[in-house]
Amino acid sequence: MITTGIDVGAKNIKVVIQEDGKLLGKGQATSGLDTASDIKQAMDAALAEAGLTRDKVEKTYATGAGRKEVKEVDDSYTEVGADAAGAVHLFPGTRTVIDIGAEEGRAIKVDENGKVVDFAINERCAAGAGAFTEAMARALEVPLTELGPLSLTSSKAVPMNAQCAVFAESEVVSLIHQKTEKRDIARAVHDAMSSRITSMARRVGVEPSVCLIGGVAKNPGFVDSLQRDLEMEILIPDDPDFVGAFGAALLAAGIAK
Amino acid sequence: MIEMFQEWYDNRHEYAKHWKAKTGGKVLGYFCTYVPEEICYAAGVLPVRILGSHESQDVTEPHIFAMYCPFCRDCLAQGLAGRFDYLDGITIAQSCLHIRQAYTSWDLHIPVEWSYYLPMPHNVQSPRAVPYLVEELKSFKKSMEEWTGKKITDDDLRRGIEIVNRDRQLMKQVYELRKREEPPLSGLESMYMVVSSQTTDKQEHARIVEDSLKELENRTLGRPVGQRLMILGSEDDDHEFVQMVESCGSTFVIDDHCTGTRYFWDQVSLDGGDPLTAIATRYVNRVPCPTKDWPVRTRLPHILDLAREWDASGAVILQQKFCDPHELDIPAIKSALEEQGLITLFLELDVTVPIGQFKTRVEAFLEIMQEEDLF
Amino acid sequence: MAEDTSTKEYWRWTESNWHDPDMDWRAGDIITAGVDVGSVSSQTVITVDGKLYAYSNMRTGSDSPKSAQNATDWALEGTGMTQDDIQYVVGTGYGRVNVPFAQRAITEIACHARGANYMYGPTIKTVLDMGGQDCKAIRVDEKGKVVAFLMNDKCAAGTGRGMEVFSDLLGVHITEVGELSLQVEEEPPMVSSTCVVFAKSEASGLLREGWPKEKVLAAYCLAMAHRVVGLLERLGIEEDFAITGGIAKNIGIVSRIEKELGIKALKPTLDTQIAGALGGALFAGALLQKERKGK
Amino acid sequence: MAKYKTAPLKSWQKAKEIRENYYRDYEAAREKGGLRWAGGAWTFDAIPSGLGDDVYPITSEPYGATIAFQKDFSDRCLEAAERAGYARDLCAYMRNYWGSILLDEYGWVEPGEERKPFPKPDFVWQDHICCSHAKWYQVVSDLEGGIPMFCIDVGVGPYEKTTKHGVDYVVGQMQDGIDWLEKTTGRKYDDEKLIQAVYNTCRATSTWAEICMLNQNIPAPLEEKTMYSLYVLGTLHKSSPEVADFYEELKAEVEDRVANGIAAVENEQTRVMTDTQPPWGFLRVFRYMAEKYGCVSVGSLYTFALIGNWIWKDGQFVPRPTPQSLGVKIKDRDQALRVLTEWELSKPEWQHFYHPKYKSEMMIQIAKDWKLDGVMLHYNRGCEGLSLGIAENRLAILDAGFPVMVFEGNMGDEREFDEARTMGRIDSFMESLSVPKLV
């Protein structure tokens with residue numbers, strides 16, 4: 001069965017089309033003011049990649065913070081359910097899913113059947129979310145994509161005290177003034193964020209395998225910090241930011257429960 | 001000589017492990033300064049206070065809801081990190097809810113031979129408190145005897161009282177010297193002295209304090225004293241913070257902290273009577289933690305006296321973030337100090353303090369006291 | 001969104017410099033400067049015999065000493081004065097210890113108080129400095145000396161940086177935010193989050209619900225104003241009252257603060273962002289005079 | 001087609017009246033030459049009863065919650081307290097209460113009338129188990145320009161370890177307190193009134209527990225949102241005959257509901273409990289759960305046992321039988337105080353102050369006996385006393401095999417509760433429990 005998952009996040013809208021558990025196409029659009037047209041844009045991209053037309057899609061499920069804004073769907077699942085479905089499908093050994101979105105971090109514990117048994121959400125604090133690294137990259141005057149690789153060249157741990165993303169900016173500036181090397185600051189940024197995420201994840205109990213999803217999973221500097229904190233290897237899928245949408249599509253197809 | 005205290009502060013775990021290896025005795029971790037150390041010394045047990053390390057940590061979130069004070073979370077983090085793995089027992093005297101959670105989570109997750117909750121009365125202004133505490137101290141003593149397998153005699157108790165009293169009395173002599181126009185030691189050094197007395201054998205500590213007193217007789221700071229400050233509020237052993245304030249042109253000359261005067265100010269007066277009654281009387285009548293300071297705020301006149309006698313011109317009022325008992329006293333204390341002509345600065349401590357942000361405030365606060373030369 | 005707003009830099013406020021063409025600085029006896037290196041902006045003010053002579057106001061880069069130098073160079077531009085002519089320099093602001101050519105560092109709290117005293121006169125009793133990353137409520141005496149102060153804590157909500165992020169998000173130039181926010185018929189409920197990160201998504205949500213930009217701005221300005229009023233009230237407010245710092249230029253916030261407090265802020269006569277550097281320059285003058293007397 | 005019959009609760013109106021009269025009587029006490037006093041919901045309110053029948057209390061926690069229901073007024077109160085320098089993380093009930101003193105506005109408004117000034121109490125009568133209970137009233141006294149206060153420390157250890165000297169300590173303070181009441185008010189103390197009030201206290205709190213027992217039935221005859229407006233009477237004046245009588249009438253009605261299969265939630269398909277005080281301004285969350293998921297919250301240790309008195313018997317958690325039902329006849333003041341002390345020291349919500357294990361044991365037993373599918377813990381920023389140890393409770397409940405959801409909020413400060421995100425969490429939780437959506 002061909003199904004679609006639509007993930008309406010705070011920053012981006014993602015669409016995944018799957019058939020029998022195989023990803024056929026994916027599309028993305030920035031969340032703007034007109035959700036319907038943004039969804040269409042992402043959907044068109046996904047259909048194009050899959051080489052399909054809309055009428056071939058049998059079922060559509062929505063997920064994400066804005067899932068209630070999606071019209072014409074068959075059902076919707078929360079991010080927690082969709083993340084778990086997607087991650088467990090990609091890595092069946094997953095017991096802990098960590099999803100870091102632009103404004104929110106989540107840790108989800110799943111059993112051997114992929115069923116959610118516990119979850120924790122870090123909300124109302126950007127220090128545990130993707131927005132944090134964006135702000136820090138700006139303060140360091142380093143492109144976001146280079147922040148991770150830069151931090152990997154550091155071997156020195158510098159503590160960062162500020163928790164608020166914006167105050168952390170001024171702490172970064174003061175570290176620059178103290179002539180701390182940029183790569184060490186970059187690592188400090190990732191360490192601070194990783195500590196926040198680890199703290200949250202420990203609430204559900206971190207059991208291997210851990211699967212990291214969300215856009216931040218593409219940042220090797222952060223992944224490195226998190227692996228150090230959790231003292232274990234972390235699994236990262238190919239398109240970590242599309243896992244929620246993929247999960248919703250799988251739920252629509254009845255492949256995941 | 002005086003450098004010894006910092007060494008002990010920095011290496012408290014090594015000290016305790018070494019003590020244990022040397023004496024073969026038991027080490028007891030305690031969570032609040034209402035724990036009667038006299039009885040521990042009487043039993044030959046070394047009481048050491050459990051304190052935090054002021055490093056950010058990510059292990060307490062599953063155990064303590066983040067709205068409880070950073071101090072209790074920092075303490076528990078030390079236990080979860082295994083830094084106190086040499087402890088044979090833990091104990092707490094009933095005080096605030098926050099630190100109690102560090103104790104109960106420790107009790108649940110970090111195995112020790114002996115764990116004891118001492119229901120220290122809160123209504124210390126009631127005549128009923130001493131008789132009640134005497135009974136509780138009897139139970140405490142009995143349980144400790146069962147644990148150590150050793151009977152604690154009245155003579156043992158008297159010896160315990162003498163050991164603890166001796167150190168208290170010497171510490172008070174050190175504090176007397178801080179009244180001088182040129183105090184012979186900084187607030188930081190003094191903090192190291194008090195905190196190390198909570199984590200070392202008091203007999204050894206007292207010997208070094210005694211020697212230090214001679215050294216301090218003719219010592220000066222080797223820098224201008226600057227503004228004379230008082231520091232008061234909840235638990236504070238953040239050396240980085242104290243050092244920062246003193247590096248901005250000031251010296252702490254007196255404090256009201258449970259890592260300072262509140263800990264050692266009052267003696268047990270024995271007068272040949274029943275030692276447990278004497279101990280109970282001391283803990284009921286000591287300078288109280290705010291959680292026990294009701295219905296009358298007895299701490300208030302005491303703080304004002306300290307500020308006057310040590311001639312402080314400003315006060316840094318500190319509080320562990322979320323510490324309710326202190327939060328409920330601070331507005332009253334602040335306005336009383338200000339009425340007495342002191343300038344005050346209020347700051348909230350977290351596990352780690354944002355030194356940069358705090359420095360601006362501290363400097364501005366000191367400028368209020370001294371910026372006459374700018375006009 | 002159809003257009004990419006991130007490259008447009010709506011947040012970018014106008015940098016400026018100025019000097020008094022009618023003043024002959026060479027005839028002056030005491031020439032001093034204050035350099036305020038803040039987290040967002042840097043200013044240099046030059047005073048001659050206790051009078052404002054020149055200033056510059058520009059964005060802080062990631063290198064404070066360089067920002068201090070740039071600001072000073074720009075303040076000197078076209079004056080004929082060189083840095084050697086300045087006899088005493090006070091550094092202030094977040095980067096106050098990173099002004100290599102300053103003889104002394106004084107906090108921005110003292111400097112804003114002193115600067116406000118010069119700008120608004122001795123009747124000023126309460127100063128609210130709304131800076132790039134923090135906000136300070138200051139009580140001052142008739143000489144401009146600080147009596148008491150409070151700073152906001154651990155959260156950048158209600159600061160200049162927050163406003164920059166917001167103007168970028170809405171695609172409204174930062175200098176127009178205030179005016180536009182007043183173009184609502186009635187005040188909307190305030191946004192619940194003033195955290196610069198979350199306010200963004202809250203604002204996006206409101207826009208998606210069909211709120212016009214001015215209404216969203218009004219809700220945000222209202223929330224910011226409400227926050228700083230809380231700070232002022234905890235300190236205790238006494239007239240005359242004035243606002244310094246970049247946000248003082250935002251009529252949308254100023255008028256809402258005034259409304260909630262029920263008192264008016266004095267109208268600025270000078271660029272409100274230079275108050276700190278101005279105070280620094282005046283302190284430098286006092287310090288220089290003391291030094292001379294001492295010799 | 002609904003799964004079960006449902007019907008509104010008849011006693012609800014009566015509960016409302018008792019509550020209204022309570023605030024009305026307190027306000028009007030002086031007009032009739034009576035006395036007003038303030039204290040906490042856990043205070044030994046039976047004791048001031050000995051001063052006469054015209055002595056009216058106001059308990060600060062329910063009063064703070066009453067304010068929290070009025071969002072605009074609550075905002076003004078909270079901000080007034082903050083302006084006066086009281087930290088935002090202090091007890092949210094007290095910040096509402098202090099704010100109402102500072103603004104001099106009464107949180108109780110008669111329908112159609114203007115808000116009146118706050119009626120100042122003549123004295124404070126309080127207990128102390130949480131580390132700031134007595135200190136709340138130091139602040140009240142500061143704000144009111146001085147009010148005589150007397151507080152009783154009850155922190156003598158968990159009930160299962162009650163000692164004679166512990167009871168003596170509490171009773172001794174009570175005796176001193178009665179002398180103090182006589183001196184402070186200039187009234188003569190009547191022991192007979194005390195004895196009756198002690199009986200009432202035991203009767204009211206035991207009967208409430210029996211009512212909660214009835215919620216073990218499927219479908220549950222009561223749901224927690226309604227229970228809040230019923231249990232609250234015990235927090236107002238548990239020693240009064242009106243409250244004790246009311247609970248007996250209510251018990252009869254709930255028994256009747258059970259007998260007739262009347263449900264609180266017509267499509268009950270999943271059962272949960274909560275913990276700690278709810279965010280009072282957002283009780284509609286419960287309606288959302290009921291309508292969307294057929295989820296009934298059958299109560300919590302909080303609603304069952306903040307006032308209700310329970311005891312462990314043969315491994316079961318059951319209503320504590322009253323002393324009078326066991327044939328105890330109180331003869332004098334000393335005995336009355338001892339009975340009262342011994343009764344109150346067994347209050348379930350006091351046990352966790354010593355160790356989270358006590359609360360975990362009770363919660364797990366409730367989860368089993370009330371046949372729950374999951375537990376929703378409110379990490380309540382507004383109350384350090386009841387949120388104490390909640391993270392350890394969560395671990396223990398999970399260990400016992402019950403799914404747990406956590407949500408952060410504040411019982412009395414709506415600025416700290418995010419309704420939309422909380423609903424989102426509930427959706428995730430219901431999904432994880434595989435509860436089918438009804439709408």
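Trainee: Over which ring does the charged end of D:Arg36 sit?

Mentor: First, a heads-up: this is a predicted model, where local features need pLDDT of at least 70, side-chain atom pairs count only at pLDDT 80 or more, and totals for chains, interfaces and linings use all residues. Side-chain values use heavy atoms, with hydrogens and water left out, residues are numbered from 1 along each chain as its sequence is written, and chains are lettered from A and ligands numbered from 1 in the order in which they are written. A charge sits over a ring if NZ of Lys or CZ of Arg is within 6 Å of the ring centre and within 35 degrees of the ring normal. For D:Arg36 the distance to the centre is 5.5 Å, and the ring belongs to D:Tyr26.

Trainee: Which residues do ring pairs link into a cluster?

Mentor: Rings of Phe, Tyr and Trp (its six-membered ring) pair if their centres lie within 6.5 Å; planes under 30 degrees apart are stacked, over 60 edge-to-face and the rest tilted. Such ring pairs join D:Tyr22, D:Tyr23, D:Tyr26, D:Tyr63, D:Tyr97, D:Tyr106, D:Trp108 and D:Phe118.

Trainee: How many aromatic pairs does the structure hold, over all chains?

Mentor: A pair of aromatic rings is described by the distance of the centres and the angle of the planes. Over all chains, the number of aromatic pairs is 57.

Trainee: How far apart in sequence are the parts that B:Trp114 and B:Trp147 tie together?

Mentor: These two rings are stacked, at 4.8 Å centre to centre with 5° between the planes. Helices (H or I, at least four residues) and strands (E, at least two) are DSSP runs, numbered from the N terminus. B:Trp114 is in strand 4 (residues 114–118) of chain B and B:Trp147 in helix 6 (residues 129–148) of chain B, so the parts they tie together are apart by 33 residues.

Trainee: Is B:Trp147 buried or exposed?

Mentor: Buried means under 20% relative accessible area, exposed over 50%, and partly exposed in between (1.4 Å probe, protein chains only). B:Trp147 has a relative accessible area of 12%, so it counts as buried.

Trainee: What about D:Phe304 and D:Trp370: is that pair tilted or stacked?

Mentor: D:Phe304 lies in helix 11 (residues 301–305) of chain D and D:Trp370 in the loop between helix 14 (356–369) and strand 11 (374–380) of chain D, so the pair ties together parts 66 residues apart in sequence. Both residues are buried. Their ring centres are 5.0 Å apart and the planes are at 40°, so the pair is tilted.

Trainee: Zooming out, what radius of gyration does chain D have?

Mentor: The C-alpha trace of chain D spans about 65 × 50 × 40 Å along its principal axes, and buried residues make up 66% of its 439 residues. The radius of gyration is taken over C-alpha atoms, and the globule rule is 2.2 Å times the number of residues to the power 0.38. For 439 residues a compact globule would be near 22 Å, and chain D agrees with its 21 Å.

Trainee: What is the phi of D:Asp104?

Mentor: Most residues other than glycine have a negative phi. D:Asp104 lies in the loop between helix 4 (92–103) and strand 4 (123–128) of chain D, and at 40% relative accessibility it counts as partly exposed. D:Asp104 is not a glycine, yet its phi is positive, at about 55°.

Trainee: Last one: what is omega for the peptide bond that joins C:Glu239 and C:Asp240?

Mentor: C:Asp240 is in the loop between helix 6 (213–235) and strand 10 (241–244) of chain C. Most peptide bonds are trans. The one joining C:Glu239 and C:Asp240 is cis, with omega about 0°.
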